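Welcome, and take a moment to look over the chain from one end to the other. The paragraphs below walk through it step by step, from the overall outline down to single residues.

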Amino acid sequence: MSQDGFTWTIIAISALLTFALRAGGYWMMGHVALTPAVRRGLEALPGSIFIATALPLAVSAGAAGLFGTAATVVAMWISGRELYGLAAGLATAAGLRALGI
């Protein structure tokens, strides 16, 4: 198998596994009773996932990444809209990078 064929095979397998995990998660949650404790846990997930994935990247990006993340959080908190947070964070980080920070 050529290198290109191997790459596409890995991509296809990854896509199938991703779909299987997502579908399995939906199926499994259909069989879980949504008690108040489970509901609170599910409601806390978006924030935890954001912190677990974005914060290490922001710290490694330096000051521009940290200020961009802070701008994202503030804009989302004020507006309640993810798109505004994304725009504010990207604009802040890009502006600071353009200034050499």
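Read along the sequence, this protein follows the pattern α-α-α-α. In total, its secondary structure comes to four helices and zero strands; helices (H or I, at least four residues) and strands (E, at least two) are DSSP runs, numbered from the N terminus. The radius of gyration is 19 Å, well over the 13 Å that the globule rule gives for 101 residues, so the protein is more spread out than a compact globule. That radius is taken over C-alpha atoms, and the globule rule is 2.2 Å times the number of residues to the power 0.38.

Before going further, please keep in mind that this is a predicted model, in which local features need pLDDT of at least 70 and side-chain atom pairs count only at pLDDT 80 or more, while totals for chains, interfaces and linings use all residues. Residues are numbered from 1 along each chain as its sequence is written, and side-chain values use heavy atoms, with hydrogens and water left out.

Along its principal axes, the C-alpha trace of the protein spans about 50 × 45 × 20 Å. Buried residues make up 11% of the 101 residues, where buried means under 20% relative accessible area, exposed means over 50%, and partly exposed is in between (1.4 Å probe, protein chains only). Among the contacts in the protein with a separation of 6 or more, 33% come from residues 24 or more positions apart; a contact means heavy atoms within 4.5 Å.

Let us now turn to helix α3. It has 17 residues and reaches 24 Å from its first C-alpha to its last, close to the 24 Å expected at 1.5 Å a residue. The expected span of a helix is 1.5 Å times one less than its number of residues. Which residues of α3 are buried? They are A64, G65, G68, T69, A71, T72 and A75. These residues cover an arc of only 160° around the axis, which puts them on the same side of α3; the arc is that of the directions from the helix axis to the C-beta atoms. On the other side of α3, F67, W77 and I78 are exposed. The buried residues of α3 pack against α2 (36-60) and α4.

T69 lies in α3 and counts as buried at 17% relative accessibility. Leaving aside its neighbours within four places in sequence, T69 is in contact with F50 and A58. T72 also has its place in helix α3, and T72 is buried, with a relative accessible area of 14%. Not counting residues up to four places away in sequence, T72 touches G85, L86 and G89.

A63 is another residue of α3, but A63 is partly exposed, with a relative accessible area of 35%. The C-alpha atoms of A63 and G25, 38 residues apart along the chain, are separated by 37 Å.

After α3 comes G80, whose phi is positive, near 75°. The charged end of R81 sits over the ring of Y84, 5.3 Å from its centre. A charge sits over a ring if NZ of Lys or CZ of Arg is within 6 Å of the ring centre and within 35 degrees of the ring normal.

Next, follow the chain into helix α4 (residues 82-98), which has 17 residues and reaches 24 Å from its first C-alpha to its last, close to the 24 Å expected at 1.5 Å a residue. In α4, G85, G89 and L96 are buried. Seen down the axis of α4, its buried residues fall within an arc of 45°, so they line one face of the helix. What covers these buried residues includes α3 (63-79). On the other side of α4, L83, L90, A91 and A98 are exposed.

The walk ends at G100, in the segment after α4. Here G100 takes a positive phi of about 85°. Is G100 buried or exposed? G100 is exposed, with a relative accessible area of 67%. The C-alpha atoms of G100 and V32, 68 residues apart along the chain, are separated by 51 Å.
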